[in-house]
Amino acid sequence: MADAFYVPLGEGRFAATAHTAGPWSSESQHFGPPSALLVRALENVEPAHPAELARVTVEILGPAPVAELTVRARVERPGRSVELLQAELASAERVVARASAWRVATSDTAEIATDGGPMLPAPDSVTESPWPEGWQSGYLDAVEWRAVRGGMDVPGPAAVWARQRVPLVDGEEPSGLQRLFTIADSGNGVSNFLDPRQWWFINSELTVHLRRVPAGEWLGLDAVTLVGEHGIGTATSILHDASGPLATGAQALMVRPRQAGGG
């Protein structure tokens, strides 16, 4: 197995490795790596002028198997100041996810930039943290997790640092945004309070609003999960790098007892 989440096969095709396997099943990917692969495709859509992604939404249309995938991206609506990009991820003939992104022309706003909020303690001030029993390895082991507040094995809100142990694509250094989206889909896992052996709490989408591009290997998630009375929940996250908060993430959750089926 290659020491990466994906092995490039050419012409937009990638072979997923066992590092992508999610906590629910060894045959389906955690959607962190697929989200990052979609962002990689969006980044590769050449802009007409200096621009950055401001919002990315990943719609999860079905399980992504640990198998060969195809990804493609395009400009959906061009514009001089703001443009809409689209990307899709497919397994054989089945589209498993779509991403839409607003890309905004950059300008100099350093003079009026606002404070993002409190910073997390540095990653080197805390030690590696475990995941609770009942979660399967694969993706979880391919990322180093360090809890600052709460913990993955402690029910409830938590703040953690995360760092990829392997690159997204074999032979490539991941970009800051690729690193961010590799871990942004973990908000509901980091802040979980339900026993995964008894409950499903699976997200159907991920939306991230960005203020700047992250830097460095370590990315932070300050996350909380809230559940309503009819099987619907949300997981929201403040996303950090070593310089402080840089984005907000949100996931819509399906919550139900496992014996009721996975939908």
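Which residues line the largest cavity? Please go on from there to the pockets, and end with the first helix.

Analyst: The model is a predicted one. The largest cavity is lined by N188, N192, F193, L194, F201, T225, V227 and V255. Its volume is about 30 Å³, and a search of the whole structure finds one cavity of 30 Å³ or more. By class, five of the lining residues are nonpolar, three are polar and none is charged.

Rolling a probe the size of a water molecule over the atoms shows where empty space is left.

Next come the pockets. The largest pocket has a volume of about 580 Å³. Its lining is made up of 22 residues, and E52, T109, A113, R211 and R212 are those nearest the centre. Three strands, β3 (51-60), β6 (94-105) and β13 (244-257), each contribute at least two residues to this lining. The largest share belongs to β3, with three residues. Sorted by class, the lining of the largest pocket holds ten nonpolar, eight polar and four charged residues.

The second largest pocket has a volume of about 460 Å³. This pocket is also lined by 22 residues. Nearest its centre are W24, Q29, H30, F31 and I202. Both α3 (187-190) and β9 (199-203) supply at least two residues of the lining, and β9 gives the most, with three residues. In the lining of the second largest pocket, eleven residues are nonpolar, ten are polar and one is charged.

The helix α1 covers residues 32-43. Its twelve residues should span 16 Å at 1.5 Å a residue, and the end C-alpha atoms are 16 Å apart, so the two values agree. Eleven of the twelve residues of α1 are buried, which means that the helix is largely enclosed by the rest of the structure. The buried residues are G32, P33, P34, S35, A36, L37, L38, V39, R40, A41 and L42.

An annotation covers this stretch of chain. In an unreviewed entry, UniProt places the feature "domain: Acyl-CoA thioesterase-like N-terminal HotDog" at residues 21-103. Over residues 21-103 the chain is 14% helix and 48% strand. The end C-alpha atoms of that stretch are 30 Å apart.

Conventions
Residues numbered from 1 in each chain as written. Predicted model: local features only at pLDDT ≥ 70, side-chain atom pairs only at ≥ 80, totals over all residues. Heavy atoms only, no water. 1 Å grid on protein atoms, 1.4 Å probe; cavity = no way out; pocket = protein on both sides within 12 Å on 5 of 7 lines; lining within 4 Å. Points joined across faces, edges and corners; volume = space filled by probe spheres on them. Nonpolar A, V, L, I, M, F, W, Y, C, P; charged D, E, K, R; others polar. Helix = DSSP H or I, 4+ residues; strand = E, 2+ residues; numbered from the N terminus. Expected span 1.5 Å × (residues − 1). Buried < 20%, exposed > 50% of the residue type's maximum accessible area, 1.4 Å probe, protein only. UniProt positions renumbered as here; feature names shortened; annotations may be inferred.
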